[in-house]
Amino acid sequence: MRYISTRGTAPVLGFEETLLTGLARDGGLYVPESWPTFTSDEVRALARLPYSELAARVMLPFMGGAIAPDEFRRLAADAYAGFDHAAVTPLVQLDHDLWLMELFHGPTLAFKDVALQLLGRLFDYFLSRGDHRITVVGATSGDTGSAAIEACRDRDRLDIFMLHPLGRTSAIQRRQMTTVLADNVYNIAIEGSFDDCQDLVKAMFGDAGFRGRLQLSAVNSINWARIMAQIVYYVGAAVALGAPDRAVAFTVPTGNFGNIYAAYGARAMGIPIERLVVGSNSNDILTRFFRSGVMATAPVTPTLSPSMDIQVSSNFERLLFDLYQRDSVALADGMRRFRSSGSFSVTPNQLETAGALFAAYRADDDQTRAAIAGTWRRNGMLVDPHTAVGLHAAEAARADRAVPIAVPMVVLGCAHPAKFPEAVTAATGVHPALPERLADLPERPERLVVLPNDLGTVQAFILRHARLGDAQPRGNV
Ligand SMILES: *Cc1c(COP(=O)(O)O)cnc(C)c1O
């Protein structure tokens with residue numbers, strides 16, 4: 001299995017290097033050169049498998065022999081053993097034609113755990129095989145940081161340095177990061193904003209000497225392996241609801257287009273998916289695109305669903321690559337125009353192709369609160385604000401007849417309600433409880449270092465604490 005960059009000039013890589021590289025050298029994103037596909041009988045045989053075995057069947061074809069199947073099965077079983085639900089990503093029925101897929105039973109209570117728990121183990125496996133080491137550096141405004149830290153903690157071959165803006169994350173989000181006391185985990189609170197944190201990380205990646213010496217790496221959502229790991233639960237849900245003999249539809253609350261692109265991947269593998277519905281919050285660049293064919297940025301507005309407060313959907317480039325019929329020259333040109341002017345558009349033909357599969361709806365904060373309240377009233381279930389955006393979009397898609405009546409709809413439950421207690425309590429009057437294993441989170445000791453918004457100081461701290469030096473750096477690709 002080979003991976004090519006959407007921009008066309010980065011080296012073609014195998015799975016291992018694609019995993020370890022993340023963003024392609026030409027600024028593009030890696031995608032498989034061709035999608036592995038299942039026959040109908042192979043899809044049928046996936047029914048009722050344990051999650052880790054389903055994960056092996058779906059992911060092994062993407063790894064092209066980079067890892068022995070039994071070794072991978074061991075990693076996958078280990079990655080998903082730590083989830084609170086035996087089914088890992090259970091489906092809960094909300095109505096005769098509506099299901100919720102709960103993706104929040106992992107260690108940090110959001111869907112990012114599903115991919116990152118596996119990725120941490122894959123990184124460690126490939127790095128120890130090559131006797132290499134890396135240093136993971138990232139910036140977070142909340143959710144991504146805790147999932148990345150949980151994925152990397154106690155791994156022999158990597159150290160993780162996570163920057164967050166001092167005093168600007170919620171208490172739960174901060175504590176999910178700072179109460180991890182593993183030796184290879186460093187939480188750095190920057191005296192500045194989230195943008196300052198991101199600028200520091202970008203500057204460190206831009207410093208070739210620093211980057212090389214520490215073998216800097218990122219585990220953000222542009223990493224191909226995260227998409228691959230997310231394809232699994234779409235396949236699982238479709239098979240549980242009747243694939244290959246019955247098609248399903250999914251509604252995905254999204255900002256970066258990462259999670260919903262994995263659904264697109266499941267479809268490319270031969271899973272019958274009739275429709276994909278995008279749920280946007282007020283930062284609705286994706287919804288506007290699917291209505292108009294124009295991708296145009298607007299200022300970011302804070303909402304009740306902060307993990308989707310994004311104006312540039314980095315993973316969208318992977319879909320555009322196919323809309324451009326994999327013409328990387330034309331795509332690179334479009335992305336350049338987008339970068340310089342903040343806007344670009346696709347042709348009516350391309351929009352029609354996209355519209356045949358995707359529909360998109362937006363929920364503002366009032367509609368989000370109404371969806372949380374309505375789900376509590378009808379189902380006695382508390383949902384987080386991101387999930388609520390999805391529930392609103394699914395209902396709008398049904399009302400619009402964007403999804404045929406016979407097709408079951410699955411909405412993705414992206415975070416546990418206890419991760420966003422203020423919004424949930426305000427909408428329902430009920431305070432969502434943390435799961436038992438996290439009940440003492442407010443009392444656990446924290447460890448973090450506060451540093452000024454100064455590149456030299458942050459780099460000096462990382463150089464002093466990263467373990468790199470006693471192993472061979474990984475060669476550049
Ligand atoms: C990260 C995140 C999202 C957005 O995911 P995309 O990569 O934009 O698809 C939505 N909800 C929650 C809870 C998240 O943590």
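The legends below describe close-up views of a predicted model. Local features are reported at pLDDT of at least 70 and side-chain atom pairs at pLDDT 80 or more, whereas totals for chains, interfaces and linings use all residues. Residues are numbered from 1 along each chain as its sequence is written, and side-chain values use heavy atoms, with hydrogens and water left out.

**View A. Helices H4 and H5 cross at roughly 135°.** The axes of H4 (residues 69-81) and H5 (residues 112-129) come within 9 Å. Helices are DSSP runs of H or I with at least four residues, strands are runs of E with at least two, and both are numbered from the N terminus. Axes are lines fitted to C-alpha atoms, for helices over the stretch in contact, and angles run from 0 to 180 degrees between N-to-C directions. H4 and H5 are therefore oblique to each other; angles under 35 degrees count as roughly parallel, over 145 as roughly antiparallel, 65 to 115 as roughly perpendicular and the rest as oblique. The crossing of H4 past H5 is right-handed, a term that applies if the near helix is turned clockwise from the far one by less than a right angle, anticlockwise being left-handed. On H4, the contact (heavy atoms within 4.5 Å) is made by Glu71, Phe72, Leu75, Ala76, Asp78, Ala79 and Tyr80. H5 contributes Val114, Gln117, Leu118, Arg121, Leu122 and Tyr125. By class, this contact has nine nonpolar, one polar and three charged residues; Ala, Val, Leu, Ile, Met, Phe, Trp, Tyr, Cys and Pro count as nonpolar, Asp, Glu, Lys and Arg as charged, and the others, Gly among them, as polar.

**View B. Thr18 is a buried residue of helix H1.** H1 spans residues 15-21, and Thr18 has a relative accessibility of 1%. Buried means under 20% relative accessible area, exposed over 50%, and partly exposed in between, with a 1.4 Å probe and protein chains only. The side chain of Thr18 reaches the backbone oxygen of Gly14 at 2.7 Å. Not counting residues up to four places away in sequence, Thr18 touches Tyr3, Leu13, Tyr30, Asn223 and Trp224.

View C. Gln459 and Met204 are 255 residues apart in sequence, yet their C-alpha atoms are 7.5 Å apart.

**View D. Ala268 lies in helix H11.** H11 covers residues 258-268. Ala268 is partly exposed, at 28% relative accessibility. Trp35, Pro36 and Thr37 are touched by Ala268, not counting residues up to four places away in sequence. The C-alpha atoms of Ala268 and Arg291, 23 residues apart along the chain, are separated by 23 Å.

**View E. Backbone geometry is shown at Asp154, Gln215 and the Ala243 to Pro244 bond.** Most residues other than glycine have a negative phi, and most peptide bonds are trans. Asp154 has a positive phi, near 60°, and lies in the loop between helix H6 (143-152) and strand S6 (158-165). Asp154 is exposed at 52% relative accessibility. The phi of Gln215 is also positive, near 50°; Gln215 lies in the loop between helix H9 (208-214) and strand S8 (216-217) and is buried at 8% relative accessibility. The peptide bond from Ala243 to Pro244 is cis, with omega near 10°, and Pro244 is placed in the loop between helix H10 (224-240) and strand S9 (248-253).

Conventions:
A polar contact is a pair of N or O atoms within 3.5 Å; within protein, one must be able to donate a hydrogen and the other to accept it, and residues adjacent in sequence count only if both atoms are side-chain atoms.
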